Amino acid sequence: MFNSLKDIVRKSSIHVCLVNCGGCNGCDIEVVALLSPKYDLEQYGIYFHNNPREADVILVTGPVTDQWVDNLRRIYAKAPEPKIVVTLGACPQTGGVFGQEGGRVNAPVSDFIPVDAAVPGCPPRPDEILAAVLAVVPGAIAAKGRAQDKGED
Amino acid sequence: MILPIGPIHPYLKEPLRLKLQTEGEKVVKAEIDYGYVHRGIEKIMEGKNWQKGIYLSERICGICSYEHTQTFAEVIELISGVTAPMRAQYLRVITNELDRIQSHLLANSTFFKSMDHETLFMNTLALREYAMEALELLTGNRVNLGWNVVGGVRMDAEKKHFDAILRKLDKIEEGFYRHKALFEEAPVVGLRCKGVGIMTHEEAVKGHAVGPIGRASGIKHDCRQDHPTYRDEFEFKPIWRKEGDNYARTMNRLNEVPQSIYLIRQAIANIPDGPVRVPVEVGSGFGEWRNEAPRGEVTYMMETNGNLIKHISIRTPSIMNIDTCARYMLNGVATVSDALTTYASCDPCIACTERVSITDAATGRREIKDFYEVI
Ligand code: SF4
């Protein structure tokens with residue numbers, strides 16, 4: 001009973017934390033554009049508050065620069081279970097344009113933390129980001145939450 | 001007490017760490033930790049041809065991505081001794097000013113958010129979407145436009161595109177004056193930002209402040225005055241103010257939006273016919289070019305060897321602006337929350353600042369314990 005209630009609630013209150021680990025911030029401003037009345041993230045039950053300690057979803061952008069190698073793991077550890085990681089853009093998947101000789105980047109992000117979904121694009125359009133988060137996150141959080149509850153029983 | 005803020009913080013879109021030394025609530029000294037976004041772009045560009053370089057230059061910074069490609073193209077055109085056709089130059093002006101509108105509106109909305117004025121924040125973001133739609137209409141992309149090539153622009157636009165852009169501009173203008181009045185005349189808003197974070201003219205000169213930040217402190221300089229297209233074809237005068245506080249910086253950016261709209265209208269009214277791109281044989285040599293990005297002067301210095309980039313050095317405006325912010329504006333700010341609005345008012349763009357790493361990794365490590373303590 002309690003768990004099914006939790007599933008319903010989790011679906012409609014998704015807390016998001018955006019971590020820019022070194023991209024060109026093109027992806028980040030597309031996330032900011034999602035806050036605008038045209039897309040209005042909050043209508044979909046997504047709250048953007050950038051605090052890893054309260055986040056259900058960590059959105060990662062950027063190709064993991066040297067400074068972020070440790071910090072990314074640390075942020076991931078700070079988020080409470082169950083947590084979902086969604087990467088935005090080409091950078092966290094392959095390093096994007098920076099993943100060439102001479103670039104000081106450590107992509108992919110999945111080397112450091114487990115990634116649940118990836119949205120490709122450079123940058124992905126705001127509606128694509130929104131669609132991806134809505135398609136993946138509620139189900140994944142519910143599934144992870146249930147698995148976790150079972151483990152604790 | 002030393003109060004660290006960032007690198008992940010609700011008001012900071014990009015990672016950067018502010019260290020505020022405080023006495024009670026008063027900020028007595030501010031320090032900034034860079035280095036979270038260092039990717040080594042200039043190093044990657046070396047030994048590549050311009051077709052590969054221009055993509056990278058675009059991705060130095062996502063907010064003012066357009067101006068970087070224009071400067072990159074123009075410096076190579078200078079080295080090779082060609083000029084882009086007139087129609088392409090006009091198209092560049094249109095795109096440049098649209099990009100400036102969206103960047104200024106985004107910067108101001110961040111500032112409004114940092115002082116918790118949700119209405120203005122939402123409304124400016126809504127207006128910005130019109131500029132984004134116009135950019136998408138013209139170039140096909142929203143953020144990284146991929147619009148400039150050496151010798152011109154990638155494709156032509158027709159009358160129907162221009163008409164649609166003009167309609168979007170009308171919409172921006174319609175909402176703009178109402179929201180500007182909301183900011184200008186509200187007494188509570190004035191209390192939060194008038195006289196906060198003052199930088200005098202001498203300090204701005206000493207710290208090399210550029211762009212709207214410098215102009216708000218009385219530096220009457222705008223690189224568009226010296227740009228051949230703007231100088232010869234357009235009616236243009238820089239906008240500046242004297243006060244040098246948060247209010248002046250925000251108003252200066254707000255006032256530059258109608259100016260950009262006026263420039264676009266001029267361009268669309270007078271655009272000449274002709275080709276939009278000429279073939280270029282890239283020469284060898286050294287060139288330097290400055291342009292006015294939304295945040296100030298961006299300089300490209302490049303040495304080419306035939307088709308290949310031998311050496312490139314890029315200076316972006318934010319490095320000076322963030323530095324002056326830490327050194328002059330944040331000193332003596334009365335409360336910590338005012339420190340955040342002051343920081344937001346200097347329109348920091350970290351991604352473009354950090355191609356050159358000025359990091360002190362040792363101090364970064366030492367303080368890591370309390371990294372997210374103040375979120
Ligand atoms: S994926 Fe593209 S737009 Fe996104 S941060 Fe990387 S370079 Fe910038």
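**A helix and its cover**

Tutor: Among what covers the buried residues of α13(B) are β2 (17-23), β3 (26-33), α4, α7 (187-193), α11 (246-270) and α12 (318-329) of chain B. Helices (H or I, at least four residues) and strands (E, at least two) are DSSP runs, numbered from the N terminus. The model is predicted: local features need pLDDT of at least 70 and side-chain atom pairs pLDDT 80 or more, while totals for chains, interfaces and linings use all residues. Residues are numbered from 1 along each chain as its sequence is written, with chains lettered from A and ligands numbered from 1 in the order in which they are written.

Student: Why is helix α13 of chain B said to be largely enclosed by the rest of the structure?

Tutor: A residue is buried if 20 or more other C-beta atoms lie within 10 Å of its own, exposed if 12 or fewer, and partly exposed in between, with C-beta atoms placed from the backbone. Helix α13 (residues 336-345) of chain B is largely enclosed because eight of its ten residues are buried. The buried ones include B:D338, B:L340 and B:Y343. After α13(B) comes B:D347, with a positive phi near 55°.

Student: How many residues are in the largest nonpolar core?

Tutor: A nonpolar core is a set of buried Ala, Val, Leu, Ile, Met, Phe, Trp, Tyr and Cys residues joined through C-beta atoms within 7 Å. Here the largest has 148 residues, and A:I58 and B:L330 are among those with the most contacts inside it. Helix α4 (residues 86-114) of chain B contributes the largest share of this core, twelve residues.

Student: Which residues does A:I58 contact, leaving aside its neighbours within four places in sequence?

Tutor: Two residues are in contact if their C-beta atoms, placed from the backbone, lie within 7 Å. For A:I58 the partners include A:C17, A:V19, A:Y76 and A:V85.

Student: How many residues of each chain are in contact with the other chain?

Tutor: On chain B there are 35, in contact with 34 residues of chain A. The most on the chain B side comes from α5(B), with five residues.

Student: What is the strand order in the open sheet of chain A?

Tutor: Two strands pair if DSSP finds at least two bridges between them. The five strands run in the order β2-β1-β3-β4-β5, with parallel pairing. At the edges, β2 (46-48) and β5 (117-119) of chain A each pair on one side only. Strand β1 (residues 14-20) of chain A pairs with β2(A) over three bridges, and A:I14 has A:I46 as its bridge partner in β2(A).
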